[in-house]
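Subject: Handover of a structure

Dear colleague,

Please find the structure below, followed by a summary of what was found in it.

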Amino acid sequence: MSSTTIDHKIVLVLVGLPARGKSYIAHKVLSYFRWQGIRADIFNVGKFRRKIMKDEPKQAAEFFASDNAGGANRREELAMAVLDELIAWSCADKQPSVAIFDATNTTNARRRNVVDRLSSAQLSLYPIFVESICDSEEVLEKNLLQKIRNSPDYADMSELDALVDLKARIKNYENVYEPLEDDSLSYIKLINLRAKVICNLVYGALAHQIVNLLMSTHIQPRPIWLTRPGTVVKAVSPASMEDRRGSGLLFKVTDVAPLDEKGRDYAKKLSAFIRARCPSDVKIHCSTLGRSHETVKDFCAEHDAQVSEVVLWSALNNLDTGICHGMTPAQIKESMPEEFQDFMANPFTYRVPNGESYSDLVKRLDPFVLHMERTTEPMLIVSHMSVLQVLMGYFCDKTWNEIAKARFPPGVVVQLTPSHYGWKEEFFRLEDGDTNGLTPLKGGWAGGSEGRKHYEK
Amino acid sequence: MNVPHSIAPPSPPRNIPFLTMSRSLEEEGDFPPEKPLTTTPPSLYYLGSQAPSSLPSVPAVLQNLKKREALTVSASRLCIVLVGLPGRGKSFIGRKLANYLNWKGHRCKVFNVGKYRREVAGSATADFFKGSSASGSSVREQVAQAALKDMFEWLEEPVVNMEKEDDYKDVMDSVAIFDATNSTVKRREMILNQCASRRFGVGVVFVESICDQPDLLEENFRQKIKISPDFADMPFEEALIDLKARVKNYESVYETIDDDTCSYIKVYNLSAKIMANQIFGRMSKTIIPCLMAWNIGSRPIWLCRAGETDGGVGGKTGKGTFGSRRTQDANLSDRGKELRDKLATFVHDKARTFHENQSYTPGMGSEKLHDEGEFHGVRLGSGLPVDTRGEKGACKIMCSTMPRAYQTAALDEDWRVEQFSSLNPLDKGDFTGLEMEEIKEVDPEWYAQLRKDPFQTRFPGGESYYDLIQRLESCLIDMEQQVAPVLIVSHVSVLQCLVAYFRGSPVQECTSIAFPMDTLVEMVPVQGGSWKENRYSMLPRSRVNSKEPLPKSPKSPTGSISEEGGEVEEGNTTHPIWGDS
């Protein structure tokens, strides 16, 4: 029974003419689900075509002409070959998965073929069509130029020739293009930068997550800054604390400790840093721990008019380490060697008794990440190591292993800005004496930002 | 998405990649120069270029963004205008939305024009609703105006300022739901104009409910007649004829929304299909997941606290502190195990009965599945069939990450138990492990604050109930979208919040809801979108029966509720129950 729940295995079938942002959608969905620890992959027909036909001469627009029977058959064959690969991949296990079929899929006949083939799969696969429609000439023109500059198909063609060829190719698709109208299919239609969204028969938690994600993402450029709070006074001397310790209970001693001098200094620098880069409204989000709020207080006080919102989210609080709370790693190793070993062996899924694992943290942060995607204003997020690791994991497409092992050093601001298929990260260390506070860090996060590693096959 | 992806710009890029549209360019000077971007090498095509998007200079995009900005700003006062013929589930949507938004801490109220009409004209027959009936239409216009007036007055009431302004800006968002047929373009334009002319901007989102499935419609009509005061003293058949005539009158003038410049959401057949146009604001955004999740299925939702524990790992901590972190990793006691067994029997029985009788939800694009004449499941939309053959039907089980919750929830090997840390108890931050009395000693000031406002007072470095609501949101939507029974095993604070949602009681008072141990609270959907509550005592309350005496827990509110919490929370204690930690 449990293996046949509705939201188990989704096949996202993209529909749309070239240059409609299909691959953008594909990559967003891919990195989102990978971050959630759900198996996901893109099956791109164009890439497959180029691989298979690499020995043949480059395919010019004629290949895509609708009246070119040979080309049409060939294209159908290629698409089905990729689809078979997709089905095999989806049926490899019984865990939830999201497979993305990235091709134009512009005709009803093709879409029927896809549905038929999917329904004959060994396991039940749930097809959801995602159609991207754009009728703004200007946007299209930009997208086309972008595509030409990036696509291997046009690597050795002059820009003008390429544009003519691409337009001819799209024309060929347009001739046969049939928009999704069959209301017996599950589909999500995105029209003009998702100004209008239509969802038909989309059920299940996993599918709803896709809708939420697609409705949240937008491409308005704005920065997101991530940082850790300033350092706090280490020693907690009051007798009351000692008393509490004496009772054998464990405390988050540092949760209430005030910032020390260095921490206050950092708060000032942070304030100047943000102010210098963004005179407009900033949405500030911090954890409910005292030091986070204290770190942004300076900024709020100085630039009251600019701050539109300060929100304390308990979702941004650090990883709940359960029974190990308030202990240093050395203490844990000493008093609970087994737990410590398990944690080191599998930091992402190991849950400290009574607390959370990193994968729990991912679930907890999911609504917040969508909130970040949705927000159009610049954002400042002050949170803690574990949370920032997980957030960076999403924005920089890190694998689970990398997330738990990466260090997010204190005193560093990470600036994220939307880039082509995802986000671009920049690192700034706020150093002494540099009033502008801008020293980009080399190497980036987790010892070298190689970019989107897991897209490479 | 049709994205004007950043392309390598021909001229040096603009230095303000992230200013909002309205900023003037003079402010550019403050920004550090950026290196011009180079063309992305072709190999990056699949990897995603790392170039940041530049400010789009396409007029169409600019226009869209401007509009978007305007819509986002107005979100603090929002008017949700329901549109649709009678019997299309408008009030269902209105009520559910109001309940949900109130629970989330927004200020929300439904303005039902039908109610105003009844006050003015009493219950009216179909003639009243004829397009040609002059007296009818003038009265209808009048009552609509009266309702609108009240609505604006309510929207513009100064909201009581919360003491901690910083944290509770969200609370002050006001949402009015205008519940009437609003079936003509003219009427909707009138509303739009009125909203635009107010001193404070009032954002407008139309929610149109469309229903074209005859069987679902028939069912809706029947329900409407049963609950509407208009038909209270009419025989059923007569009422049905009258209602159909009324609907016909509306149908003749009905104009569906097709103005793409305004924000609207169209819901077809109660969430089988949803169309969202220009929906950007934060508030509007909250609505979509709900609309997609809600269904009129009749699955029960069971709430239960985690079973009793054996008191912690051998009392390592010295003091037997009930509620300290040490005791939380404890395993179930015998009594706890007994609860689990009882729970398993209960859930098995109920789930089976449910699937045999009622798993079919009309109008959701679903169909019953039969195998040689024998019912075996349901197919949802074009999705997968849900096979309910065999002894047990499907049941969604969600629990917190606490071992005792998991142990209580693990009823059956076939039912996957999903653990969510968002179902974990309220995080008491620095006061973790302290009893209320100890807290009173350590920090009397804070304690007084807590007494005064148990809902919003945040534990230092931890959470308040308000925070808890925010983190429960996604779990709640997950529960709402289920069509099979759901079992939640969690802890007092979380369950209090959930019960407040299902009851529709003021969420600020959720801290006084009693939720005794070993009790199962069943929530069953009733017509019109609310829930009916049943309580089942799973174990005899007396502890004499339990084989081993419980470790003595210090006097604390915890002890008091698990022992004296009654079937119904009459005579509520006025102080919060911090029972679970």
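The term pLDDT denotes the predictor's confidence in each residue, from 0 to 100. This is a predicted model, in which local features need pLDDT of at least 70 and side-chain atom pairs count only at pLDDT 80 or more, while totals for chains, interfaces and linings use all residues. Residues are numbered from 1 along each chain as its sequence is written, chains are lettered from A and ligands numbered from 1 in the order in which they are written, and side-chain values use heavy atoms, leaving out hydrogens and water.

For the complex, the predictor gives an ipTM of 0.80 and a pTM of 0.79.

Chain A has an average pLDDT of 78, with 82% of its residues scoring at least 70. Helices (H or I, at least four residues) and strands (E, at least two) are DSSP runs numbered from the N terminus. Confidence in chain A is highest in strand β3 (residues 97-102), at a mean of 94, and lowest in helix α8 (residues 239-246), at 44.

In chain B, the mean pLDDT is 71, and 65% of the residues reach 70 or more.

Helix α2 (residues 90-103) of chain B packs against helix α14 (residues 465-480) of chain B at an angle of about 150°, their axes being 11 Å apart. Axes are lines fitted to C-alpha atoms, for helices over the stretch in contact (heavy atoms within 4.5 Å); angles run from 0 to 180 degrees between N-to-C directions. The angle makes α2(B) roughly antiparallel to α14(B) (under 35 degrees counts as roughly parallel, over 145 as roughly antiparallel, 65 to 115 as roughly perpendicular and the rest as oblique).

Yours sincerely
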